[in-house]
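Here's a quick walk through one protein chain, from the overall fold down to a few residues. Have a look at the model first, then read on.

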Amino acid sequence: MCGIVGYVGKQSAAPIILEGLRRLEYRGYDSAGISVINADGLELRKRKGKIDEGLAKLLKVQPLLGGLGIGHTRWATHGPPSDENSHPHLDFTGRIAVVHNGIIENFDRLKDRQLKAGIKFASATDTEVLAHLIGEHYERQQVKGESAAGLHPLTHAVMEALREVIGTYGIGVICADFPGVIVGARRGSPLIIGVGDGENLLASDATAIAPHTRQVVYLNDYDVATLTADRFSVTSLGSDTAQVQISQLEFSAEAAERGEFAHFMLKEIFEQPLTVANALRGRVDLEDGTAKFGGLNLTTAELRAIDHIVITACGTSWHAALVGEYLIEEFAHIPVEVEYASEFRYRNAPIENNTLVLAITQSGETADTLASLRETRRRGHKVLAICNVVGSTIAREADGGIYLHAGPEIGVASTKAFTSQVTALTLLAVLMGRIRMLSLNRGRQVLQALEAIPRQIGQILSQDANIHRIALKYAGARNFFFLGRQYNFPVALEGALKLKEISYIHAEGYPAAEMKHGPIAMIDEHTPSVVIIPSDAMYDKTLSNLEVVKARRGPIIAIATEANSTLAAQVDDILYLPATLEPLFPLLAVVPLQLLAYHIAVARGCDVDKPRNLAKSVTVE
C-alpha cells in the first residue's frame, strides 16, 4: 500500500526521494512527507494531499538539504488523511524519524503503556507508536550502555522494538545522531535495497529505484538492513544469518514513465499487444501442440498426477482465475475451484492429495494471497505462482511459477496484467490438457489462435475513437450492468470492476441468464447494460437474455463478433471484435471494457490513475 523511499549518498536526498515518491504514488496518495538529516539536525516536511498538490509545493517554499533522508506516500489505515497523520513520524525525543507501510496490530496496548509513561502523541497513527518504541529502546541503550556485537546502535534499537511488535511492516528509520545511516526492516510489506555507486537506496518498489541503479536486493520477512553511502548489511530477527542476493531489474526506468499518454492506465491498455506477446514468447510449441514453461519445477509425471486445482487470488486476478477455471476444465478436464484469498487463508478448507494450488497476483506482494500460499505450503501442498514482478515475495516463496513479463503496471486499475494472466492460464490449460486428453490438432488450433491475439487487440485499440463516443453518451449514468455467459461471465465482472474503480459509477457483473433472478428489477431507461455476445455456442441464449433487458427499456451496448450484421438493429450501440475461438474471446472482450471505463472516468473528471480510496498493491488486510 504505502510507498517508502530512502536515500543515502553524495547527492541531495530530497529531490531523489520526492521523485521516488512520485513513482510510488500509486501505492497511496492521501499525504506525503520527507525527513532528512543535515548540519541542522533532523528536518521534516509533510503535507496532506497528493504529492504535487501538497509536499512538492511545501518543499519549494521550505527546501530540504542533506545527503540522507526517508520519504513516504500514504494510504490511510489508522487515522484519517491529515498533516498530523502524514509520515514520517518522530519519536518523543524528536531525533528519530520513521516511515512505515503496514499495520501494527498491538499498537493500542503499546500506546497505553507509552501514555502512562508520559509520552505525548501528535497523531492518530499506529506508526507513531513504533517511532516512540524505537526511541525508548535507543534511549535505554544509551543510558545503560547496552550494545549488540556487530550491530549498529540504531539497528539494535530497531530490532529490539520490532521484537515487541505484532503485525506487518516495511519501515525506514533515521536518527539525528547518525547522519550517514538508514535502517530498514520488513515483515509482510515489501522492501528492497537499491545498490548504487557511492549511494544506496531503500524502497517499497523497484520503480522508485530504477532511475538510479539496476542492482537490487529483495529483503525477506524479518530482515533488517543497515545502509550507508558505501555499503549495506542485512541481519535477521528470525535467525543468526540473512540470505542476501543482488538481482538485476528486468525493466528500465523508461518503462515506468507515462510517455505520450494522458494517463498510465491508457498507456497500459495500449501496451497489451506487446504484453500478451511477451507472455507467449518462447512458450508456444506448435509442433507438439503444447506449451512449455521453464519455471514450473514440476515433472510431466507430477503434472499428470494432479487431479484437482485450487486457484487463489484477489480483485482483477480473481476474475482472471475464473477464466482459468473454464479453460482448465475445458482443455484438461481437471476440476478447478477459485477462491478469494482473503477468505481461503482463514478457512479450514480440505485440500486433498494431488491438489495443486495456483496463486495469481500482479504485484507478488498481495497480503491475502501470500498468506494463502504460506498456509497451503505449510500443509505440504505444491503452490505455483502466476506473477508479474520478478523477485517479489510470492514469486520467491512459491514452489514454481510463471512470470508474466508485462513490465511495471502503475495504474491502480489493473489492465495489462489481466490479459497477461489469462494468456498464461490459457497456456497452462493447454499444457495440462495435452498431458491428458487434448488432441494435437486442438492444441495447435488454440495456440495458433492465441498467437493472433496481439494483432487482434491492436485492431480493437484502433476503435478507440468510437469507444470514446459511446462512453460520452453514457457517462452520466448512475448504474451499469455487465452481462456475459460462460468464458465471458468473468469478463463481465472485470468490466464492472473497472468502471466502479475509476468512475465511481455503481456497476454489477452477472451471468446473463441470472438477470431474471432478481437484478432485472433495477433495469430502466437510465441503466445501460453491456452485453458480451460473441457468435458462439451460447449466442442464441445470450440474445434471449438481451431481449429481456431490451423489453424493460434498458439501453444496451453490445460487444459482438465482427461478422454479426444483424445485431446492430437490436441494440443501442455495438462494438465489433475480431473472430477468435470461444475460449479466447475474453482476451479481446475485456479491452473495449477497459477503454469504456477509462473514457467514462475521464469524462466525469475522475483521477484515473489514482482513484479515491484505492491503492495498487494491497499489502495489508
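Predicted model: local features only at pLDDT ≥ 70, side-chain atom pairs only at ≥ 80, totals over all residues.

**Overall build**

The protein chain holds 18 helices and 26 strands. Its C-alpha trace spans about 80 × 55 × 45 Å along the principal axes. With 621 residues, you'd expect a radius of gyration near 25 Å for a compact globule, and the 26 Å of the protein chain agrees with that. Of those 621 residues, 63% count as buried. Contacts reach well along the sequence, too: take those between residues at least 6 apart, and 72% of them join residues at least 24 apart.

**Helix α7**

Now zoom in on α7, which covers residues 272-280. This helix is largely enclosed by the rest of the structure, because 7 of its 9 residues are buried. The buried ones are Q272, P273, T275, V276, N278, A279 and L280. What do they pack against? Their partners are α6, β15 (284-285), α13 (416-435), α14 (440-461) and α18 (585-603). After α7 comes G282, which has a positive phi, near 75°.

**E257 and its surroundings**

E257 sits in the loop between β14 (246-248) and α6 (264-270), and α6 is also one of the elements that the buried residues of α7 pack against. Leaving aside residues up to four places away in sequence, E257 touches R23, F264 and K267. With R23 there's a polar contact, side chain to side chain, at 2.4 Å. L584 is another matter: it lies 327 residues from E257 in sequence and 30 Å away in space, C-alpha to C-alpha.

**Cysteines and accessibility**

How many disulfides does the structure hold? The count is 0. Two of the cysteines, C175 and C606, are listed here along with E257, so you can compare their accessibility values.

| Residue | Relative accessible area | Class |
|---|---|---|
| C175 | 0% | buried |
| C606 | 14% | buried |
| E257 | 36% | partly exposed |

Why does C606 count as buried? Its relative accessibility is 14%, and buried means under 20%. E257, at 36%, is partly exposed, because that class runs between 20% and 50%.

Terms used: Residues numbered from 1 in each chain as written. Heavy atoms only, no water. Helix = DSSP H or I, 4+ residues; strand = E, 2+ residues; numbered from the N terminus. Buried < 20%, exposed > 50% of the residue type's maximum accessible area, 1.4 Å probe, protein only. Contact = heavy atoms within 4.5 Å. Polar contact = N/O pair within 3.5 Å; in protein donor to acceptor, adjacent residues only side chain to side chain. Disulfide = S-S within 2.5 Å. Rg over C-alpha atoms; globule rule 2.2 N^0.38 Å.
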